[in-house]
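Trainee: Can we go through the aromatic residues in this one, and then any cavities? I have the file open.
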Amino acid sequence: MSSAAQNQTFERVDTSLPGVCLVQPRVFPDSRGFFLESYHESKFTALGITDRFVQDSHSRSMKNVLRGLHYQLRTPQAKLCRVVEGEALDVAVDIRVGSPHFGKWVSVVLSSQRANQIYIPAGFAHGFLALSPTVQFLYKCSGVYDPADEHGVLWSDPRLAIDWGVAQPLLSQKDAALPVLDHVSPDQLPRYTGP
């Protein structure tokens, strides 16, 4: 992690991939349980996260389910991801043509106990692996899901060499058939436009 910023409710910690960051909300526990803000537009703007989120999505997965690596090209999506039950290994991959970090990835364990989040800008492929018996995964998206614009990269691409910690995850047929990054035509990848 390279740098940190915070306000009274959220702390931002940058990762080795510029733009991708971790967000730690402040948790207020008491005898009844806890309270936290998971998102607050002006406080996120103060942290440098200015996307307007237009869709919330929720998935439930069993242990060793791997979803990804996904992206949209014509209708790109920035994502703010968190887990509300269990733990998941979350991965972001820079697939922007011309990026000095092209093909690089970063991962973090998202946990309902830690209440941590990851922000992934548009232009990155995203995926996660369920680490606990059940994972409920929530993410805010800056663009709506468009099935006609679904793209992806194979989770086990040897060039990327992502350390998932599992040799045979549970995959959808669609995700198992995704191409390796070197087989994706550059016109089917997002473009790097600068930091």
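Mentor: First a cut-off: buried means under 20% relative accessible area. Also, this is a predicted model.

Trainee: Fine. How many aromatic pairs does the structure hold?
Mentor: There are five aromatic pairs. In one of them, Phe10 and Phe44 have ring centres 4.7 Å apart and planes at 70 degrees, so that pair is edge-to-face.

Trainee: Where do Phe10 and Phe44 sit in the chain?
Mentor: Phe10 is in strand 2 (residues 10-14) and Phe44 is in helix 1 (residues 41-46).

Trainee: Are Phe10 and Phe44 buried or exposed?
Mentor: Both Phe10 and Phe44 are buried. For Phe44 the relative accessible area is 0%.

Trainee: And how is Tyr39 placed against Phe44?
Mentor: Their ring centres are 4.8 Å apart with the planes at 50 degrees, so this pair is tilted. Tyr39 is partly exposed, at 24% relative accessible area. Lys140 lies over the face of Tyr39, 5.2 Å from the ring centre.

Trainee: Which residues form the aromatic cluster?
Mentor: Phe10, Tyr39, Phe44 and Phe53 make up one cluster.

Trainee: Switching to cavities. How many of 30 Å³ or more turn up?
Mentor: A search of the whole structure finds one. The largest cavity has a volume of about 60 Å³.

Trainee: Which strand gives the most to the lining of the largest cavity?
Mentor: Strand 7, with three residues. Strand 7 (66-72) and strand 12 (124-130) each supply at least two. The lining includes His70, Tyr71, Gln72, Phe124 and His126.

Trainee: What is the lining like by class?
Mentor: Four nonpolar, five polar and one charged residues.

Terms used. Residues are numbered from 1 along each chain as its sequence is written. This is a predicted model: local features need pLDDT of at least 70, side-chain atom pairs count only at pLDDT 80 or more; totals for chains, interfaces and linings use all residues. Side-chain values use heavy atoms; hydrogens and water are left out. Rings of Phe, Tyr and Trp (its six-membered ring) pair if their centres lie within 6.5 Å; planes under 30 degrees apart count as stacked, over 60 as edge-to-face and the rest as tilted. Helices (H or I, at least four residues) and strands (E, at least two) are DSSP runs, numbered from the N terminus. Buried means under 20% relative accessible area, exposed over 50%, partly exposed in between (1.4 Å probe, protein chains only). A charge sits over a ring if NZ of Lys or CZ of Arg is within 6 Å of the ring centre and within 35 degrees of the ring normal. On a 1 Å grid over the protein atoms alone, a cavity is a set of points where a 1.4 Å probe fits but cannot get out, and a pocket is an open set with protein on both sides within 12 Å along at least five of seven lines; lining residues have an atom within 4 Å of a point. Grid points are joined across faces, edges and corners, and a volume is the space filled by probe spheres set on the points. Ala, Val, Leu, Ile, Met, Phe, Trp, Tyr, Cys and Pro count as nonpolar, Asp, Glu, Lys and Arg as charged, and the others, Gly among them, as polar.
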